[in-house]
Amino acid sequence: MTNTHTGPELRMPASVAASLTCPVCGRHLESGARGLTCADGHSFNIAREGYAGLLTGATPPGTGDSKEMIAARLRFQGRGHYDPVGLALAEELTTARVGAESVIVDVGGGTGHYLTQVLDELPDAVGLTTDVSKFAARKAARAHPRSGAVTADSWRTLPLADGTADAVLNVFAPRNAPEFHRVLKPGGVLVVVTPEPDHLTEPRTALGLLDVDPRKGERLAESLGEHFSPEAGREVRFTMELSHEDVLTVVGMGPSARHTTPEDLARRVSELPEPFTSTASVRVGRYRPV
């Protein structure tokens with residue numbers, strides 16, 4: 001991609017940048033004096049941190065993580081609590097023969113934490129994180145030297161050309177199966193991480209929060225069925241020792257916390273022992289396009 005503009009630079013591998021498309025018309029994007037532009041004249045900013053702002057239209061209030069939520073997630077991730085999930089993703093991609101010079105896209109990937117773990121295990125692969133939150137994209141753009149970031153809505157058309165990705169990751173994030181299928185190469189792989197019924201069972205029970213939907217596995221199969229066939233799946237289960245701050249962060253990542261006030265949740269968490277032992281239990285599923 002030719003780069004002639006004098007503003008902020010796009011921080012991502014050239015092969016990933018060359019696959020970016022206009023979220024309005026679908027044409028390829030080029031770097032120019034106004035940031036990223038397409039042949040139809042649509043233009044998009046490159047942020048100071050190096051990510052491309054490719055969100056279009058209005059997004060509902062409360063969409064995407066706030067600056068404070070992202071800071072909390074970074075603290076939690078930095079303490080390594082969910083590292084077994086990232087390592088499991090890398091293992092699945094290695095088993096699926098995703099190798100050198102592959103393009104890996106983490107859709108709804110937040111701060112780029114999991115993609116960073118994957119790229120650390122897969123030398124020469126490159127990646128892209130998409131997320132609706134600009135605060136997440138700011139961190140993801142600088143998370144790894146072989147990855148970049150864009151803001152994009154997972155429920156809309158992803159700003160990527162057809163057949164861009166060798167692998168798509170989807171970790172606790174919205175699943176847009178038609179778009180995953182479109183951006184994957186025919187021989188590509190989709191890896192999805194979803195919570196098992198006993199995921200975070202101790203804090204959910206102690207705090208009176210919602211259980212994991214027992215039909216989550218069925219709904220996952222239904223959402224992917226027309227576009228993907230399952231290839232493999234396994235449970236990843238481990239124990240975490242959490243501070244009160246960690247508990248607040250991890251329950252805040254899921255839907256349970258939306259059914260109570262922050263003040264009430266903080267009060268209940270303060271009454272828990274510290275550290276607080278919690279089970280993490282997720283399913284890592286590998287799928288192929290059909």
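The model is predicted: local features require pLDDT of at least 70, side-chain atom pairs count only at pLDDT 80 or more, and totals for chains, interfaces and linings use all residues. Residues are numbered from 1 along each chain as its sequence is written, and side-chain values use heavy atoms, with hydrogens and water left out. Helices (H or I, at least four residues) and strands (E, at least two) are DSSP runs numbered from the N terminus.

**Cysteines**

- A disulfide is a pair of cysteine sulfur atoms within 2.5 Å, and a search of the whole structure finds zero of them.
- Cys22 is in no disulfide; its nearest cysteine sulfur belongs to Cys25, at 3.7 Å.
- The sulfur of Cys38 also has Cys25 as its closest cysteine sulfur, and the separation of 3.6 Å is too far for a bond.
- Residues are classed by relative accessible area as buried (under 20%), exposed (over 50%) or partly exposed (in between), using a 1.4 Å probe and protein chains only.
- Cys22 counts as buried because its relative accessibility is 3%, and Cys38 counts as buried because its value is 8%.

**Antiparallel sheet**

- Two strands pair if DSSP finds at least two bridges between them.
- Three strands form an open antiparallel sheet in the order E1-E2-E3.
- Strand E1 (30-32) and strand E3 (43-44) are the edge strands, each pairing on one side only.
- E1 pairs with strand E2 (residues 35-37) in the antiparallel sense over three bridges; Ser31 has Leu36 in E2 as its bridge partner.

**Salt bridges**

- A salt bridge is a side-chain nitrogen of Lys or Arg within 4 Å of a carboxyl oxygen of Asp or Glu; by this rule the count comes to 21.
- Glu91 forms a salt bridge with Arg234, with the closest N and O atoms 2.7 Å apart. This pair links distant parts of the chain, since Glu91 is in helix H3 (residues 83-95) and Arg234 is in strand E10 (residues 228-242), 143 residues apart.
- Glu91 is partly exposed at 43% relative accessibility, and Arg234 is partly exposed at 29%.
- Glu231 forms a salt bridge with Arg288, the closest N and O atoms being 3.0 Å apart. Here Glu231 lies in strand E10 and Arg288 in strand E11 (residues 276-289), 57 residues apart.
- Glu231 is partly exposed, with a relative accessible area of 38%; Arg288 is partly exposed, with 21%.
- Shared partners join Glu91, Glu92, Glu231, Arg234, Arg286 and Arg288 into one salt-bridge network.

**Ser133 and Asp65**

- Ser133 is found in the loop between strand E6 (126-131) and helix H5 (134-140) and is buried, with a relative accessible area of 2%.
- A polar atom of the Ser133 side chain lies 2.7 Å from the backbone oxygen of Asp65.
- Contact means heavy atoms within 4.5 Å; leaving aside neighbours within four places in sequence, Ser133 is in contact with Gly64, Asp65, Ile70 and Thr151.
- Asp65 forms a salt bridge with Arg73, the closest N and O atoms being 3.1 Å apart, and Asp65 is buried at 18% relative accessible area.

- Pro203, in helix H7 (residues 201-207), is buried with a relative accessible area of 0%.
- Leaving aside neighbours within four places in sequence, Pro203 is in contact with Val247, Val251, Phe276 and Ser278.
- The C-alpha atoms of Pro203 and Val250 are separated by 9.3 Å, and these residues are 47 residues apart along the chain.
- The buried residues of helix H9 (residues 244-252) include Val247, Val250 and Val251; the elements covering its buried residues include helix H2 (67-78), H7, E10, helix H10 (262-270) and E11.

**Nonpolar cores**

- A nonpolar core is a set of buried Ala, Val, Leu, Ile, Met, Phe, Trp, Tyr and Cys residues joined through side-chain atoms within 4.5 Å.
- The largest core has 39 residues, and those with the most contacts inside it are Tyr82, Leu93 and Ile104.
- The elements that each supply at least two residues of this core include H3, helix H4 (113-121), strand E8 (165-171) and strand E9 (184-195); the largest share, five residues, comes from H3.
- Leaving aside neighbours within four places in sequence, Ile104 is in contact with residues including Leu93, Val98, Leu115 and Leu169.
- Apart from this core lies another, of 34 residues, among them Val16, Leu160, Val183 and Val192.

Conventions:
A polar contact is a pair of N or O atoms within 3.5 Å; within protein, one must be able to donate a hydrogen and the other to accept it, and residues adjacent in sequence count only if both atoms are side-chain atoms.
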